[in-house]
Amino acid sequence: METKKIDRALEDYGVSPVPQEKTKNYLSMALIWSGVGISLGLLLTGGTLGVGLTFKQTLIAGFAGGFVLAIITALVGIIGAKTNLSTAMISRFAFGELAIIGIALIQAFGSYGWFGVQLGLFGNTASVAWEQTTGISGNAMLFIVLGGICMIATATFGYKALDVLSKGAVPLLLILMIASVWRILQNNNVSDIFSLQGSGDPLTLGQGISIVISSFVVGAVVAPDVSRYAKSEKDTIIAALMAFFIVTPLIVLVGTVMAQVTGTWDLVDIMIGLGWGTFALLVLMFAQWTSNDNNLYSSALGFAVVFKKLKKWQLTVISGVLGIILSLFGIYDNFIPFLSVLGILIPPMGGVIIVDYYLFNKSDYSIQKLANIPRIRLTSISCWILGSVVALLTTNGVFSLTTISSLDGILVAGLSQFIVLKIAQKSDSNVSSDTIAS
């Protein structure tokens, strides 16, 4: 009986459509997506770009990457808004009932792998804040565990907890970002800022755009996990543009400027260098909370499609424990390689889903047709693999398409899906004509 009460209290529609009376407007979604974006991870992305690009190049990379993210988020997110289903559930229609086991697991591993990266940043920041406040040396691993438990708690309650936390955190985080830029401008005028350039190994503009896209490409492709709560398609589009074409590039630029002015991309050193002290570190820890519970939330939704006998809240706890372990083993130290792997595997899924839904099989994406899903759709799997292979090759410089490897993966997977399905459609049409003629 108690278990049933817990299940009802933590109901978040992991494998069923969100009821219309539970849907939200664009501001709710924009704040959740912005809360994910305003994080140590995105500031770290900006700092990474600042080491290898000029400020002007970072400006272009931030807004170009943010625009691509907004487009992907809107296109995939609208599917969630129309069906009220999670990404993993939608992927069942695109890839097949059997194939979704692999697809959903990759999506889930991507989300909680990112959870592990962010949690490592949280632990390092918290230990410094503790040391500054108490004078006692902090233990990053202890704070990783404590922070992970807090993030598991809010993610377990689902969308409603993400909504409440983001409404409290996002304004604070924006104030800190604005104050940081203001402090930098006290000693540097605008022309000084525009002439800043990185002091590390140079990056190409294409690499910079790809890093921005990769920093949230998992979130863009799994957009239905949030947009399934959208009241309308319009709400999804507005929320995507606000979060990714406005907030994301600005946070990247703040990270870049702070890195280039202070000479380091380590955010803890940057905040101390700017003289903000413990308060800023505490706010940044809050930023990690708003960002990371969303990663955990999405990973649990992915696992819910595979491990059907477990409730979503149970999977959230399991995912959180796995993410904590991953963080303790140092996934944070492999930040850039991890982003590259995500940029190779996840974006092509979005390309396949977008083409399949909008151009061919929209009417099949319905909970009422769940029983008719084929065991495996070889076309979709093959096109996803092809897109991932191309992204891998362009990432390693074997050849170049758009110069943005994650975008290459989306385009190749989507285009190949279109070509193969169009040929199959024409073939079916010819067969039908021959049958009628005979």
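Q: Which helix is Ala239 in?
A: Ala239 sits in helix 12, residues 233-262. Keep in mind that this is a predicted model.

Q: Buried or exposed?
A: Ala239 is buried, because its relative accessibility is 0% and the cut-off for buried is under 20%.

Q: How far is Ala239 from Trp33, in sequence and in space?
A: The two are 206 residues apart in sequence, and their C-alpha atoms are 7.9 Å apart.

Q: Next, cavities. How many of 30 Å³ or more?
A: The structure has four cavities of that size. The largest cavity holds about 110 Å³ of space.

Q: What lines the largest one?
A: There are 14 lining residues, and those closest to the centre are Trp114, Phe216, Val218, Gly219 and Asn295.

Q: Which helices do the lining residues come from?
A: Helix 6 (100-134), helix 10 (205-221) and helix 14 (277-306) each give at least two. Helix 10 has the largest share, with six residues.

Q: Switching to aromatics. How many pairs?
A: Nine aromatic pairs. One of them is Phe93 with Tyr365, a tilted pair at 5.3 Å centre to centre with 35° between the planes.

Q: Where in the chain are those two?
A: Phe93 is in helix 5 (residues 87-95), and Tyr365 is in the loop between helix 17 (347-361) and helix 18 (378-395). They are 272 residues apart, and the pair links distant parts of the chain.

Q: Are Phe93 and Tyr365 buried or exposed?
A: Both Phe93 and Tyr365 are buried.

Q: And what about Phe303 and Phe307, how are they arranged?
A: Phe303 and Phe307 also make a tilted pair, 5.9 Å between centres and 50° between planes. Phe303 is buried at 6% relative accessibility, whereas Phe307 is partly exposed at 40%.

Q: Which residues make up the cluster with Phe93?
A: Phe93, Tyr357, Tyr358 and Tyr365 form one aromatic cluster.

Q: What about helix 7, how long is it?
A: Helix 7 covers residues 140-156, which is 17 residues. From first to last C-alpha it reaches 24 Å, close to the 24 Å expected at 1.5 Å a residue.

Q: What caps the N-terminal end of helix 7?
A: Asn139 does, with a side-chain oxygen 2.9 Å from the backbone nitrogen of Met141. Just after helix 7, Gly158 has a positive phi of about 80°.

Q: Which residues of helix 7 are buried?
A: Phe143, Ile144, Gly147, Gly148, Met151, Ile152, Thr154, Ala155 and Thr156.

Q: Where is Asn84?
A: Asn84 lies in the loop between helix 4 (55-83) and helix 5. Asn84 is buried, since its relative accessible area is 8%.

Q: Last topic. How many disulfides?
A: Zero, from a search of the whole structure.

Methods. Residues are numbered from 1 along each chain as its sequence is written. This is a predicted model: local features need pLDDT of at least 70, side-chain atom pairs count only at pLDDT 80 or more; totals for chains, interfaces and linings use all residues. Side-chain values use heavy atoms; hydrogens and water are left out. Helices (H or I, at least four residues) and strands (E, at least two) are DSSP runs, numbered from the N terminus. The expected span of a helix is 1.5 Å times one less than its number of residues. Buried means under 20% relative accessible area, exposed over 50%, partly exposed in between (1.4 Å probe, protein chains only). A polar contact is a pair of N or O atoms within 3.5 Å; within protein, one must be able to donate a hydrogen and the other to accept it, and residues adjacent in sequence count only if both atoms are side-chain atoms. A disulfide is a pair of cysteine sulfur atoms within 2.5 Å. Rings of Phe, Tyr and Trp (its six-membered ring) pair if their centres lie within 6.5 Å; planes under 30 degrees apart count as stacked, over 60 as edge-to-face and the rest as tilted. On a 1 Å grid over the protein atoms alone, a cavity is a set of points where a 1.4 Å probe fits but cannot get out, and a pocket is an open set with protein on both sides within 12 Å along at least five of seven lines; lining residues have an atom within 4 Å of a point. Grid points are joined across faces, edges and corners, and a volume is the space filled by probe spheres set on the points.
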